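Let's take a friendly walk through this model together. Please have the sequence and the 3D view open as you read.

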Amino acid sequence: DRAARPHRVLAVGWELSALGSPLYDFAFLSDGFRGDELDDLWGAYREEAVARGLRLPERGQMEPLLDCFRLHKVLKSIGDSVALKFEERVVRKLVTRAAEIGTALRF
């Protein structure tokens, strides 16, 4: 019975995964999630990380790091936009997202 099976998260397109900080991967995975769904992802990530001996900073310290990785992702996409022939509307959306993330960063 499909309803009896637990929910699973499956990642697709991990060509840049595992390069550098493990928070880089989590930043990509969690981008766009909000509220309870984000809290569930945070909890599952922390639980699995700790179970595998990975030490993580507290969530309040991780959030600005994740935003930096998200900003990197968006800036990389903007940089690749000509070669990948992104439509102007897509580039505008990326620039807006970069501005939003940049504004939210506080150090």
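What is the mean pLDDT of the protein, and what share of its residues reach 70 or more? This is a predicted model, with a mean pLDDT of 84, and 84% of its residues reach 70 or more. Confidence is lowest in helix H1 (residues 22-30), at a mean of 83, and highest in H4, at 95. Where pLDDT is low, the predicted coordinates should not be read in detail.

**The main core**

The largest nonpolar core has 11 residues, among them Leu23, Phe26, Trp42, Tyr45 and Met62. Helices H1, H2 (35-51) and H3 each supply at least two residues of this core, and H2 gives the most, with five. In soluble globular proteins, nonpolar side chains tend to be buried together.

Tyr45 is one of the members of this core. Leaving aside neighbours within four places in sequence, Tyr45 is in contact with Pro22, Leu23, Phe26, Leu54, Leu56 and Met62. A second, separate core of six residues includes Leu94, Ala98, Ile101 and Leu105.

In H4, Leu94, Ala98 and Ile101 are buried. These residues cover an arc of only 70° around the axis, which puts them on the same side of H4. An α-helix has 3.6 residues a turn, so residues three or four places apart point the same way.

| Side of H4 | Residues |
|---|---|
| Buried | Leu94, Ala98, Ile101 |
| Exposed, on the other side | Glu88, Arg89, Arg92, Lys93, Thr103 |

What covers the buried residues of H4 includes helix H3 (59-80).

**A buried arginine**

Arg70 has its place in helix H3. Is Arg70 buried or exposed? With a relative accessible area of 10%, below the 20% cut-off, Arg70 counts as buried. Its side chain makes a polar contact with the side chain of Ser30, at 2.5 Å. Leaving aside neighbours within four places in sequence, Arg70 is in contact with Ala27, Ser30, Asp31, Arg97 and Ile101.

Key: Residues are numbered from 1 along each chain as its sequence is written. This is a predicted model: local features need pLDDT of at least 70, side-chain atom pairs count only at pLDDT 80 or more; totals for chains, interfaces and linings use all residues. Side-chain values use heavy atoms; hydrogens and water are left out. Buried means under 20% relative accessible area, exposed over 50%, partly exposed in between (1.4 Å probe, protein chains only). Helices (H or I, at least four residues) and strands (E, at least two) are DSSP runs, numbered from the N terminus. The arc is that of the directions from the helix axis to the C-beta atoms. Contact means heavy atoms within 4.5 Å. pLDDT is the predictor's confidence in each residue, from 0 to 100. A polar contact is a pair of N or O atoms within 3.5 Å; within protein, one must be able to donate a hydrogen and the other to accept it, and residues adjacent in sequence count only if both atoms are side-chain atoms. A nonpolar core is a set of buried Ala, Val, Leu, Ile, Met, Phe, Trp, Tyr and Cys residues joined through side-chain atoms within 4.5 Å.
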